[in-house]
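Please look over the sequence and the structure shown here before reading on. The report below describes selected parts of it.

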Amino acid sequence: MTSTVGDNGQTDGYNFAYLNEQTKRMIRRAILKAIAIPGYQVPFASREMPMPYGWGTGGVQVTAAILTPEDTLKVIDQGADDTTNAVSIRKFFTKTANVPTTTHTGDASVIQTRHRIPEQELREDQVLVYQVPIPEPLRFLEPRETETRKMHALSEYGLMHVKLYEDIARHGHIATTYAYPVSVSDRYVMDPSPTPKFDNPKMDSMPALQLFGAGREKRIYAVPPYTKVKSLDFEDHPFEVQRWSEPCALCGARDTFLDEVILDDEGGRMFCCSDTDACEARQQAGSPDDLLDQAS
Amino acid sequence: MTAPILSCREVTHYYGSQMACRNVSLDLYPGEVLGIVGESGSGKTTLLKILAGQIEPTDGTVSFAKKGGALTGLHEMSEAEIRLLARTDWAFVHQHPRDGLRMNVSAGANIGERLMAIGDRHYGNIRASAIHWLEQVEIDAERVDDLPRTFSGGMQQRLQIARNLVTSPRLVFMDEPTGGLDVSVQARLLDLIRGLVRTLGLSVLVVTHDLAVARLLSSRLIVMQGGNVVESGLTDQVLEDPQAPYSQLLVSSILQV
Amino acid sequence: MYVAVKGGEKAIEAAHKLNAEDRRGSERYPELSLGQISEQLTLAVDRVMTEGSLYDRELAALAIKQARGDLIEAIFLIRASRTTLPRFGSSLPLETGKMSVRRRISATFKDLPGGQILGPTFDYQHRLLDHDLAGPSDLEPADTAPVDVDQEMPRVLDLLGAQGLMEPPSGQNTDHGDSPGDLTTEPLEFPASRDVRLQNLARGDEGFLLALGYSTQRGYARNHAFAGEIRLGEVSVEIVPEELGFAIDIGEITVSECEMVNQFKGSKKAPPQFTRGYGLAFGHCERKVMAMALVDRALRAEELGEDLIAPAQDEEFVLSHSDNVQATGFVEHLKLPHYVDFQSELELVRRMRAEASAPSEAAE
C-alpha cells in the first residue's frame, strides 16, 4: 500500500502529504494493528507536525498516512468546513499533497473531523478520521498510564460504570454529554473523542472505516466498518441522545445537532445545524415551513 | 475432614536483607475464622498480604480453592485471575477505611462498584443491593447517596465491610479491622462482624495485635514473633494455656490490664 | 445571518499578514539578520537547538526571527522541521572527557587535574544594567591563561569512581542494546529506560525542569546534590557508516554537561556511595543541564530503593509534562472552538437547573 510518490502534489520540497515514507509506514502499521483490535489504543511514535499539539496533529498524521493522490478530502471542525482550524488543516493538505478538497460530505473519500460526525450517512468507500485530544476513557478516573493499560488488558471497566452510577444518583440521569464512553465490539471501552453523545449512535455499524489519531498522547485506534459500538449505560437508564425543542432556524431540520447562536444581549438566541454542509444541502433542497416561521 | 479453602506452605519473605516472615505454613478451612496475632513488626501484615496475593513471597507457596475446585497455587494463576478473585471471591478489609473506600463517590457507588465490575448493569438492582448492604451493616438507608467523608470512622469501616461483602466473597482478609476506632465503637463493630461471619458462613483471616479482638472473632489462633510462628492452636487453648514464652508474655500483658 | 464562523479562510490570511507586520516592526530600524541573532543572541539560539533537538545555529536563528523571539514557538518550528528530515543513524557516545574545554568548574574539589576554568559566565558579574550596551560597544580582549591543549581533563566523577566511591556509570537501564532509545521514533512507554528518560529531559522545557530541580533542593525528594562538574566546550561527533564499518568524525558541536554528585545511603545490593545525576545540552545551557541532572537523579529513586514522595521522582508525571511543545499546544488549544461540547454542556446545565428549580417552585 505504498503510495507512489512522484512530482504530483509535491510542493515546497516536502514529500507527498508532508510526512516521509518511513514515517507513513510506521503510522500505517499502527493503523492496521488498530483495525485488527477494534477500540484498542495502539501507541505510535507521533511526529512533531507544523501545527500545535492539541490542534489535530493526530488526525493530520493519520490522514497524511492514508491519503493518496486520488483522494478527495473534507475537513470539519465542530461540524463546519469554514471554522479556522478546519480551513488551516485543509490548506495544509492542499499545499503538501495537492489533493482536491470538498465541503460536500458525499463527495469526500477522506473526512477529517474534530468533535462531530457528519449528519449524512457515510459509505463503505469513505474513511472518517477523528482528531483526539485525550484518547484514554479512564484517564480522569485513573491518571496512571501503567494502571489504565492494565485495566484495559483485563477488561476491568467497573470504574467506568461507577461514574455513570454516580451521575444517576446525583442528577437522576447520566450527565455525560460529550466524549461519552463506548464499548467497541464488546471488548474495549473507547473514548469517541469529544463528539457530542448525539453522534454516538452513528458510530455503531457504520459502513465507513473510523480512525482516531491522538498526536500529543501518541495513540491511534480504530473502529472497522460494521463494528458494534455501544454507548455505556444501565438497563434501566438506557443511553439517550440530546433533543432540541425547536428545529434548525436555517433548514428546519429536527433530527440534527444544533448550535446555539446568541443574537443580542437580551437573551435572544436561535438554533441552527452544526453540520454546515448538511444544513446547506437541506436549504437548497427546499425552504421548509419552520424556516419561514423563524425568519419573521 | 473438608479440604482447606486457603493454604500456605513454608512461606518466607525478605524485604531486601530484612526478614519479614519465615517458614510459615497454615490452612484455613471453610467457615473458619483464623486469627493471626503478634505485635507490630512480627510479620503478620506481610503474611496477610502474601496470602491475599498482593505480595509474591521470596519462597514458599500459597494456594486457594476456587468455587468447586481444588487448591491451586497463586503462582500458577495469571495476574488477571488473581485480580478477578480479589474483586469477587475475596474481600480485603483495610485497617484505614480510606485505603479501602473511594472517598469521592457516594456510599451507594462504593458498595455497587464490585457488582458493576462483574457486569451488573441494572441501576435499580445495584442501588437496591447497596441499600440492603447498608442495612446489613447498620447504616441508615437514607445515607446511600452521601459521600463517605461525611461518615464517622466507625461508619466508614462498616461501609468498607459492606462494599466488600456485596459480591458474597468466600474468603475475607481483615487487617486490624477495629484498629483506628474508639473502644465503644470497636465493640459494636466486632459484634457486627461476628454476626455477619456466622450468618454468611465466611472464611476469615484476621490480623490483629489485640487479643480481645482475636478472642471474640476467631476459633483458631496463630501467634507470630519476629517473623516466626511461635504457637498455634484453638483460640481458647492458646489464650488459657499458652505454651511458648512469647505467647505467655503476650497473654499475661493483656490480662493484667 | 450567522456569519460568525464564515470567512475563516480570509481571516487566517489577514492574521498571517498582521503577524508579519508585527514581526517586522517599524521600518525605521534595519531588519534583523540571522547572523546577528546567531552571533549576538547565542544563548537563545542554544536553548532553541537543545529543546528543538536539532543542532543547527542558522535554522535556530531563523526560527527565533520567525517566532518574533518567542522561544517556545521557535522550538516548535525547529521540531516540525526536524520531523521531515531523514534519519541516518545514531552517533557514537560523545567523549566529553576529550572535550576541548572552554569552561570547567567543580564545586566538590578545589583543585583537580586540568584545573578549573571559569570561562564565559554571568556568575560573578554584578547584575547592573550596563548602559554602555545601549549603543555600539567596544570590546576589550580577555586575558586568558594559555591553554595547554595536551593537558588531560579527566571528568571529576571518574576520579571518584577510581576510588570506588562513585557508582559506575549506568550502562544498565537501557532496553535498546548498543543504540540508544529514541522517543521521536518509538512511543514513550512506562517505565522508561534511563536513556529515553534523559532524552526526554534534554528536550524538556528549561523552566519546568528548573522548577522541579529546585523543588528537590527544598525538600521534595532532597538528595543532597553537589555540582561535581560542569563543563562547556567542543566535542567531536563520530558515526560508524554501515558501508565503512569504522568510525569517522563528522564535525564538532558545542555542548554543556553537568554531572551532579549525590548522596546515597546504600542498599542491600550496593554499599554506601555517591550516585550520579546527569545533564547534557547543545550549546551553552548551563541552567538547563544543572536542573536536568537534579531531576535525572530524583527520577532514579525507584531504582535506588528510595521512598517515592515528590513530583520530581514521579516518572509518569515528569516525562508526560516536560515537553513545552506538547504543553503549549494543549493549553493553547483551548482557543479552538468548542461550540459543540459547550452546547452539550449548556443543554445539560439548563436541564439540571430546570429540574432543580421545579420542586422548590412546587413547594412555594
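## Basis

The structure is a predicted model.

## A helix pair in chain A

Helices α2 (residues 57-66) and α3 (residues 84-97) of chain A pack with their axes 12 Å apart, at an angle of about 30°. Because that angle falls under 35 degrees, α2(A) is roughly parallel to α3(A). The crossing of α2(A) past α3(A) is right-handed.

On the α2(A) side, the residues that meet α3(A) are A:Val60, A:Thr63 and A:Ala64. Their counterparts in α3(A) are A:Ile89, A:Phe92 and A:Phe93. By type, the residues of this contact comprise five nonpolar and one polar, with no charged residue.

## An antiparallel sheet in chain B

Four strands of chain B form an open sheet in the order β2-β1-β4-β5, and their pairing is antiparallel. The edges are taken by β2 (18-28) and β5 (71-73) of chain B; each has a single partner strand, so one side of each lacks a neighbour in the sheet. From one strand to the next, the twist averages 25°.

Strand β4 (residues 59-65) of chain B is joined to β5(B) by three bridges, and the two run antiparallel. B:Ser63 has B:Gly73 as its bridge partner in β5(B). Helix α1 (residues 44-51) of chain B packs on this sheet and touches β1 (6-15), β2 and β4 of chain B. The direction of α1 makes about 125° with that of β1(B).

## A buried strand in chain B

Is strand β7 of chain B enclosed or left open by the rest of the structure? Strand β7 (residues 171-175) of chain B has five of its five residues buried, so the strand is largely enclosed by the rest of the structure. B:Leu171, B:Phe173 and B:Asp175 point one way from β7(B), while B:Val172 and B:Met174 point the other way; all are buried.

β7(B) is paired with strands that run parallel to it. Four bridges join β7(B) to strand β6 (residues 90-93) of chain B in a parallel arrangement, and B:Leu171 is the bridge partner of B:Trp90. Five bridges join β7(B) to strand β8 (residues 203-208) of chain B, also running parallel. There, B:Asp175 has B:Val207 as its bridge partner.

## Chain C as a whole

Chain C contains twelve helices and four strands. Along the principal axes, its C-alpha atoms fill a box of roughly 85 × 65 × 55 Å.

Of the 364 residues in chain C, 39% are buried. Among contacts in chain C with a separation of 6 or more, 64% are between residues 24 or more positions apart.

How values were computed: Residues numbered from 1 in each chain as written. Chains lettered and ligands numbered in written order. Predicted model: local features only at pLDDT ≥ 70, side-chain atom pairs only at ≥ 80, totals over all residues. Heavy atoms only, no water. Axes fitted to C-alpha atoms, helices over the stretch in contact; angles between N-to-C directions. Parallel < 35°, antiparallel > 145°, perpendicular 65-115°, else oblique. Left-handed = near helix turned anticlockwise from the far one by under 90°. Contact = heavy atoms within 4.5 Å. Nonpolar A, V, L, I, M, F, W, Y, C, P; charged D, E, K, R; others polar. Buried < 20%, exposed > 50% of the residue type's maximum accessible area, 1.4 Å probe, protein only. Pairing = 2+ DSSP bridges.
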